Amino acid sequence: MNVFVKKKTSVNITIGIEASNLNSGGGLTHLQEILNNFNINNNRNICKIYVWSNNNTLSKIADGKFIHKLSNFYLERNIFLRFFWQIFMSNGEFKKKKCDIILVPGGTYLGFFKNIVSISQNLLPFTEEYKKYGIRSIYYYKFLILYFLQKHTFKKSKTVIFLTKYAKEIITSKVEIKQFTIIPHGINKKFISNKKKKIKRIEEYNSTKKFQLTYVSNIDVYKNHLNLINAFNKISSKYNLHLNLIGKIHPAMKKFFKNNILSILNDNITLNSSLNYEDMHKVYEKTDGFIFSSSCENMPNILLEAMASSLPIVSSNHRPMIDILNEDYIFFNPQNELEIYYSIEKLINKDYRLKTSNTSYNLSQNYSWNQTSNDIFKCLCDNLN
């Protein structure tokens, strides 16, 4: 296994992007951003970029002079027909368009085109966290199958792009990879705060103007909402706090939510499961403190966006969160309600919020979608035969 090595590139390179399994979430955001930030002045060797996906996904990708969006009957149908297209038809279509190299941002490709670079964006199948769904859940087997599919893709890739050092360490311990490089996410400019966060003492909040604590994440088995809500309900009896939960309820969690979470929600907690991503920055503008309680992440866009918004943060003590943040922050065990309770208590301290608000903004300057896009397309050009 070797790290990524630069190779001599040619001119008039045609790049294909196999995005048949990208429909929503961080993978789609990543694809949108690297294409939106594609700069031909930094990638003069590239003459065309073809993107294969369904029309819904393609409609969310901005048009560009060098970008050509393609779909077909199979890509508009179910996962089995999409795999059929990958295995039996994609190689021919890639060659027909004279693609020199194919980027696989979803991490799964079963076709026979040899010159591919894949991106690892889903760490869940390579950890023990997916087992929390239980062997009776279809999602348990979904992630088990995904483990083998992505393992197959990574082994055949010329290079695997990891988002974090942590993801690289986890996956390379389980999969034999030819070579790799680490290219992190960027941050959408709309989240970048150009003004300092107004920090008030907790005593300045009251029953009509409460301290706004926010957690943005779908309700899922590894997101630890129940522990957070229990801890919050205990501390909210002492202070004027309001908890904003932003995210959809995962289908596997609907019964659990109804039986265990719904009954403990109250007037101090708001659950918004339909907020549009385009309006997320407005939530951050009204947030006084941010908490991130996930126990399994590859590279959480949400955390980066909160940092760019100059938010004071307390976070799960799992990697890569502790790698992205630094020693200025408070970390907690997301399975421990008492640790969450004390972390929130430290978060509402004005001095802590002043310090971490500034640190959040400064650390966020290390992430740029423009840089991410340039690095990915440079990686593709350097991987040509």
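User: Where does serine 310 lie, and why does serine 310 count as buried?

Analyst: In this predicted model, serine 310 sits in the loop between α10 (301-308) and β13. Buried means under 20% relative accessible area. Serine 310 has 5% relative accessibility, so serine 310 counts as buried.

User: How do you know whether asparagine 224 is buried or exposed?

Analyst: The cut-off for buried is under 20% relative accessible area, and exposed begins over 50%. Asparagine 224 is at 9% relative accessibility and therefore counts as buried.

User: Why are α7 and α8 called roughly parallel?

Analyst: The axes of helix α7 (residues 225-235) and helix α8 (residues 254-261) cross at roughly 20° and come within 11 Å. Angles under 35 degrees count as roughly parallel. The two helices, α7 and α8, are therefore roughly parallel to each other. As for handedness, α7 passes α8 in a right-handed crossing.

User: What makes the contact of α7 with α8, and how do its residues divide by type?

Analyst: From α7 come His225, Leu226 and Ile229, and from α8 come Phe256, Asn260 and Ile261. Of the residues in this contact, four are nonpolar, two are polar and none is charged.

User: Which peptide bond joins arginine 319 and proline 320, cis or trans?

Analyst: The bond between arginine 319 and proline 320 is cis, with omega at about 10°. Most peptide bonds are trans. Proline 320 is found in the loop between β13 (313-316) and α11 (321-324).

User: Why does asparagine 374 count as buried, and which residues does it touch?

Analyst: Asparagine 374 lies in helix α14 (residues 369-382). With the limit for buried at under 20%, asparagine 374, at 12% relative accessibility, therefore counts as buried. Leaving aside residues up to four places away in sequence, asparagine 374 touches Asn39, Asn42 and Asn43.

Key: Residues numbered from 1 in each chain as written. Predicted model: local features only at pLDDT ≥ 70, side-chain atom pairs only at ≥ 80, totals over all residues. Heavy atoms only, no water. Helix = DSSP H or I, 4+ residues; strand = E, 2+ residues; numbered from the N terminus. Buried < 20%, exposed > 50% of the residue type's maximum accessible area, 1.4 Å probe, protein only. Contact = heavy atoms within 4.5 Å. Axes fitted to C-alpha atoms, helices over the stretch in contact; angles between N-to-C directions. Parallel < 35°, antiparallel > 145°, perpendicular 65-115°, else oblique. Left-handed = near helix turned anticlockwise from the far one by under 90°. Nonpolar A, V, L, I, M, F, W, Y, C, P; charged D, E, K, R; others polar.
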